[in-house]
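Please look through the sequence and the model shown here before reading on.

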Amino acid sequence: MAGAWGTVSAVEGEHALVRMDESGCGRCREVGGCGGNHLAKLLCATPRTFRVPNPERRAVGEHVRVRIGAGSLRRSALAAYVFPLLALLIGALAGSAWAGELGAIGGALAGLLVGWLGLRRAQRRDAADPRCQPSITS
């Protein structure tokens with residue numbers, strides 16, 4: 001499971017608003033860590049806050065670890081980056097073979113549309129999957 005540390009900033013019924021203390025996986029200082037946390041601090045000055053189910057009734061101010069299920073991060077990255085890019089390239093190649101340069105442009109646009117629709121479908125599927133939902137741990 002991938003996770004990051006945060007602090008509970010508010011409680012709303014069955015959910016907690018968690019302000020993330022770090023971005024990424026938190027392995028920046030470890031051997032093999034990518035250092036993405038440093039880049040995130042540079043690009044995202046405001047702290048990120050997420051609404052997370054709070055079955056253990058964590059209180060405001062508690063330091064918690066927010067985790068997501070194994071494989072859900074990889075699936076999300078594939079849906080957000082790889083699928084739309086492949087759809088764009090395949091659309092451009094098919095359009096080019098069919099109608100030259102204008103066909104490549106039209107095919108690329110059609111591929112982007114297909115990629116966007118695929119991403120929306122993946123978002124809806126993952127929103128209903130409890131394994132893809134964040135959870136709070138100690």
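The text below goes from the overall fold to the core, the salt bridges and a surface patch.

The model is a predicted one, in which local features need pLDDT of at least 70 and side-chain atom pairs count only at pLDDT 80 or more, while totals for chains, interfaces and linings use all residues. Residues are numbered from 1 along each chain as its sequence is written, and side-chain values use heavy atoms, with hydrogens and water left out.

**Overall fold**

The protein chain has 2 helices and 5 strands, where helices (H or I, at least four residues) and strands (E, at least two) are DSSP runs numbered from the N terminus. Read from the N terminus, these elements follow the order β-β-α-β-β-α-β. Among the contacts in the protein chain with a separation of 6 or more, 69% join residues 24 or more positions apart, a contact being heavy atoms within 4.5 Å.

**The nonpolar core**

The largest nonpolar core has 9 residues, namely Ala-4, Val-8, Ala-16, Val-18, Met-20, Val-52, Val-64, Val-66 and Ile-136. Two or more of these residues come from each of β1 (2–12), β2 (15–20) and β4 (63–68), and β2 gives the largest share, 3 residues. Such a core is a set of buried Ala, Val, Leu, Ile, Met, Phe, Trp, Tyr and Cys residues joined through side-chain atoms within 4.5 Å. Leaving aside residues up to four places away in sequence, Ile-136 touches several residues, including Ala-16, Val-18, Val-52, Val-64 and Arg-58.

**Salt bridges**

The count comes to 7 salt bridges, each being a side-chain nitrogen of Lys or Arg within 4 Å of a carboxyl oxygen of Asp or Glu. The table lists some of them.

| Pair | N to O distance |
|---|---|
| Glu-62 and Arg-58 | 3.3 Å |
| Asp-126 and Arg-75 | 2.7 Å |
| Asp-126 and Arg-125 | 3.2 Å |

Arg-58 counts as buried because its relative accessibility is 12%, whereas Glu-62, at 28%, counts as partly exposed. Asp-126 belongs to a network of salt bridges that links Arg-75, Arg-125, Asp-126 and Asp-129. Asp-126 is buried, with a relative accessible area of 11%, while Arg-75 is partly exposed at 30% and Arg-125 is partly exposed at 48%.

**A nonpolar surface patch**

Leu-78, Tyr-81, Val-82, Leu-86 and Ile-90 form a nonpolar patch on the surface, and together they have about 520 Å² of accessible area. Patches are made of residues with over 30% relative accessible area and no salt bridge, where like charges are joined within 9 Å and nonpolar side chains (Val, Leu, Ile, Met, Phe, Trp, Tyr) within 5 Å. Val-82 lies in helix α2 (residues 72–127), and at 37% relative accessibility Val-82 counts as partly exposed. Leu-86 also has its place in helix α2 and is partly exposed, with a relative accessibility of 45%. The C-alpha atoms of Leu-86 and Gly-115 are 8.0 Å apart in space, although these residues are 29 residues apart in sequence.

Methods: Accessible areas come from the Shrake-Rupley method with a 1.4 Å probe; for residues, only the protein chains shown count as cover. Buried means under 20% relative accessible area, exposed over 50%, partly exposed in between (1.4 Å probe, protein chains only).
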